[in-house]
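Please keep the sequence and the structure in view while reading.

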Amino acid sequence: MAKGMLPGWLQVDELLRGWLLEDLGRGDRATLAVVRGAAQEPWGRATWIAKAEGVIAGLPIAGRVFQLLDDRVVWGAEVEEGVACVPGQLLAQVSGPLEALLSGERVALNLVMRLSGVATLASQYVEQLAGLPTQLADTRKTIPGLRILEKYAAQVGGAVNHRMGLDDAVMLKDNHLAAAGGVAVAVEHVRSLCPYPLTIEVETESLAQVTEAIVAGVDIIMLDNMPLAMMQEAVAMIRAKAPHIKIEASGNVSLATVRSIAQTGVDYVSTSAPMTQSRWLDISMRIQNTDTQ
């Protein structure tokens, strides 16, 4: 069971409030009509049930959604993050003012279903790497606004996070190299302008570029869209000349190819698949009873 590091609530709460405002608009008309017509404030209890197999991610975030609407809500996860669930399994229970439960339901469910889908597919890729030292890494191909949570979900599924944003590390891609006039010039510019602690990664598509990157003394070399035979040659070259340089492979990565790519000896295989190709995990929320406080 893999676990990720939850982002800080200071950052997450701002996102959640925005998503709640998007959904609530000028008010949850159905809920307000039902709840505020009661003589006393109605309370309720609801259960969250898995309707499909998958890896769970995001339950603490769901609890936070309800508690932002009303801090009297009590949220209790019945499974830990990263647990593989089966249809019919109880995932969580939530109780509190019925208005908060009904108004927060969709935002909370959407987030957990999306994040669990990411974690599920990430875990399937990680399973393909069993017994190998290679790690699965995610990418920046994320839905705007959801990056910190999608990358959390990828961690829950067993992946490691690549850079969160453009300021985390220097990654010189093909267009950077074309704009600068080559690997050596691009790396020289980076070293003259960027803060010292940032690592430098160069995307390479040929053995000639791999050689340039080795000579330039970069921290990470990405082997992008290379045939397996060329990739094996590149790995052997890097290990022989600069064994301290980390090696990442990317491009044409699928569940069918990820293991053969890893077997070339690379340290990381990066793919956007958990974010771009995953399906939401079906989960339902059911009100069990209502009462007054």
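## Salt bridges and core

Asp 282 forms a salt bridge with Lys 51, and their closest N and O atoms are 3.9 Å apart; a salt bridge here is a side-chain nitrogen of Lys or Arg within 4 Å of a carboxyl oxygen of Asp or Glu. Asp 282 lies in the loop between helix H11 (273–276) and strand E12 (283–292), while Lys 51 lies in the loop between E1 and strand E2 (54–55), so the pair ties together parts that are 231 residues apart in sequence. Helices (H or I, at least four residues) and strands (E, at least two) are DSSP runs, numbered from the N terminus.

This is a predicted model, in which local features need pLDDT of at least 70 and side-chain atom pairs count only at pLDDT 80 or more, while totals for chains, interfaces and linings use all residues. Residues are numbered from 1 along each chain as its sequence is written, and side-chain values use heavy atoms, with hydrogens and water left out.

The structure holds 8 salt bridges, including one between Arg 72 and Glu 41, whose closest N and O atoms are 2.8 Å apart. Arg 72 belongs to the loop between helix H3 (59–69) and strand E3 (74–77), and Glu 41 to the loop between helix H2 (29–35) and strand E1 (42–50), so this pair ties together parts that are 31 residues apart in sequence.

| Residue | Relative accessible area | Class |
|---|---|---|
| Arg 72 | 37% | partly exposed |
| Glu 41 | 37% | partly exposed |
| Asp 282 | 36% | partly exposed |
| Lys 51 | 45% | partly exposed |
| Asp 70 | 14% | buried |

Which residues touch the most other members of the largest nonpolar core? Of its 83 residues, they are Trp 48, Phe 66, Leu 172, Leu 223 and Ile 283; a nonpolar core is a set of buried Ala, Val, Leu, Ile, Met, Phe, Trp, Tyr and Cys residues joined through side-chain atoms within 4.5 Å. Helix H4 (residues 98–128) gives the most to this core, with 14 residues.

Methods
Buried < 20%, exposed > 50% of the residue type's maximum accessible area, 1.4 Å probe, protein only.
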